[in-house]
Amino acid sequence: GGLFDRPGLPRQGAFTALPGLMAQAPGLAGFARSLGLVAWTDPGRLASGSVADALADELLFYVSQACGEIADGWRATLQLGRRTRLVSQAEDYLGSKLRQPVYTGDVAGALGVSERTLSEAFIAIYGMSLQRYLLLRRLNQVNRVLSEPQAAPPLVKTAALDFGFWHLGRFAHAYRQVFGETPAQTAGRRGRGRYVPVARAAATGRAPLPGHDGQHRATA
C-alpha cells in the first residue's frame, strides 16, 4: 500500500479529491511543497529510518483535518436547506390563518418540530426568533383591523386584546415603533393603513422587542 492506503482517508476515484483538499487545508499544501522539494533535492532521505511512516502519519493528519472542514461545510449547507424548508412550511401555515393570532407552540405543533428548532430556523433565515416574527405579525393584524373602513371604528383596546396584547402600554410602544404612529391615530385614518411586512420591519431595524407578549394569550 501507499501513503493513501490508510483507514480514515477519503477515497474519491484516483485522488480526484486532492485539489479540493488542498484548497481546504493550507497546511496540506505546505506539506506537499516541502515534500516535493526534498524529493527533488535529496530523494534518498525519504527512504531513511522511519521517514516513510512519519510522512504517512503527517499526511493523514492534514488530510483528515481538511476532510473535517469539508464535512462541516456540507453539514452547514444541509442544515441551512432544512431550516429554509421549515420557515417556508411555517409561512404556509401562517398564510392559512391570516386573521387569527398564532403563537410559537401552534406553529411548532403543526409542523411536528420543537419550538427551539423552529425558532433557530427563523433566526438563521430572518435574523429573528419565531416569537418576534409572530409578534410583528400580530401587530400587523391589529393594524389591519384598525385600518379597515367600518361603520364604527373598532376600539383599540379590543383589537389589542383580540390578538393577545395584554399589556396595553407595551403594545402601544411596539406599535408605534413599527408603524410610526399610535394605534388611535391609525384608527382615525381608517382605510389608509400602514401595513409593514414582517421581513421588512426586521431589515430596517424597526422590529420591537417582544417582552412577554408573545408568550401569553389573552381574550377580549
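What follows is a walk through the helices of this chain and the core they share.

The model is a predicted one, so local features are described only at pLDDT of at least 70 and side-chain atom pairs only at pLDDT 80 or more, while totals for chains, interfaces and linings use all residues. Residues are numbered from 1 along each chain as its sequence is written, and side-chain values use heavy atoms, with hydrogens and water left out.

The protein chain holds 10 helices and zero strands, where helices (H or I, at least four residues) and strands (E, at least two) are DSSP runs numbered from the N terminus. Read from the N terminus, the order of elements is simply α-α-α-α-α-α-α-α-α-α. Of its 220 residues, 32% are buried, buried being under 20% relative accessible area, exposed over 50% and partly exposed in between, with a 1.4 Å probe and protein chains only. Take the contacts (heavy atoms within 4.5 Å) between residues at least 6 apart in sequence: 70% of them join residues at least 24 apart.

The largest nonpolar core has 32 residues, and the members touching the most others are Val 107, Leu 118, Leu 139, Val 142 and Phe 165. Such a core is a set of buried Ala, Val, Leu, Ile, Met, Phe, Trp, Tyr and Cys residues joined through side-chain atoms within 4.5 Å. At least two residues of this core come from each of H3 (51–95), H4 (104–111), H5 (115–126), H6 (130–147), H7 (156–162) and H8 (168–179). H6 gives the largest share, nine residues. Val 142 shows what that looks like up close: leaving aside neighbours within four places in sequence, Val 142 is in contact with Ala 159, Ala 160, Phe 163, Phe 165, Phe 171 and Tyr 175.

H4 buries Thr 104, Val 107, Ala 108 and Leu 111. Looking down the axis of H4, these buried residues sit within an arc of 95 degrees, so they line one face of the helix; the arc is that of the directions from the helix axis to the C-beta atoms. Thr 104 counts as buried because its relative accessibility is 14%. Beyond residues up to four places away in sequence, Thr 104 touches Glu 115, Leu 130, Gln 131 and Leu 134. Thr 104 and Leu 118 are 14 residues apart in sequence, with their C-alpha atoms 8.6 Å apart. Just after H4, Gly 112 has a positive phi of about 70 degrees.

Buried here are Leu 118, Ser 119, Ala 121 and Phe 122, and they cover an arc of only 155 degrees around the axis, which puts them on the same side of H5. A positive phi turns up just after H5 as well, at about 75 degrees for Gly 127.

Leu 134, in H6, counts as buried because its relative accessibility is 3%. Not counting residues up to four places away in sequence, Leu 134 touches Leu 94, Val 102, Tyr 103, Thr 104 and Val 107. Leu 134 and Leu 94 are 40 residues apart in sequence and 9.3 Å apart from C-alpha to C-alpha.

H8 buries Phe 171, Ala 174, Tyr 175, Val 178 and Phe 179, all within an arc of 115 degrees seen down the axis, so they line one face of the helix. These buried residues pack against H6, H7 and H9 (183–188). On the H6 side, Leu 136, Leu 139, Asn 140, Val 142, Asn 143 and Leu 146 meet that set. The axes of H6 and H8 lie 10 Å apart at an angle of about 85 degrees, with axes fitted to C-alpha atoms over the stretch in contact and angles running from 0 to 180 degrees between N-to-C directions. H6 and H8 are therefore roughly perpendicular to each other, a label for 65 to 115 degrees; under 35 is roughly parallel, over 145 roughly antiparallel and the rest oblique. Just after H8, Gly 180 has a positive phi of about 75 degrees.

The loop between H7 and H8 holds Phe 163, which counts as buried because its relative accessibility is 8%. Its contacts beyond four places in sequence are Arg 99, Gln 100, Pro 101, Tyr 103, Arg 138, Gln 141, Val 142 and Val 145. Phe 163 and Gln 100 are 63 residues apart in sequence, yet 7.6 Å apart in space, C-alpha to C-alpha.
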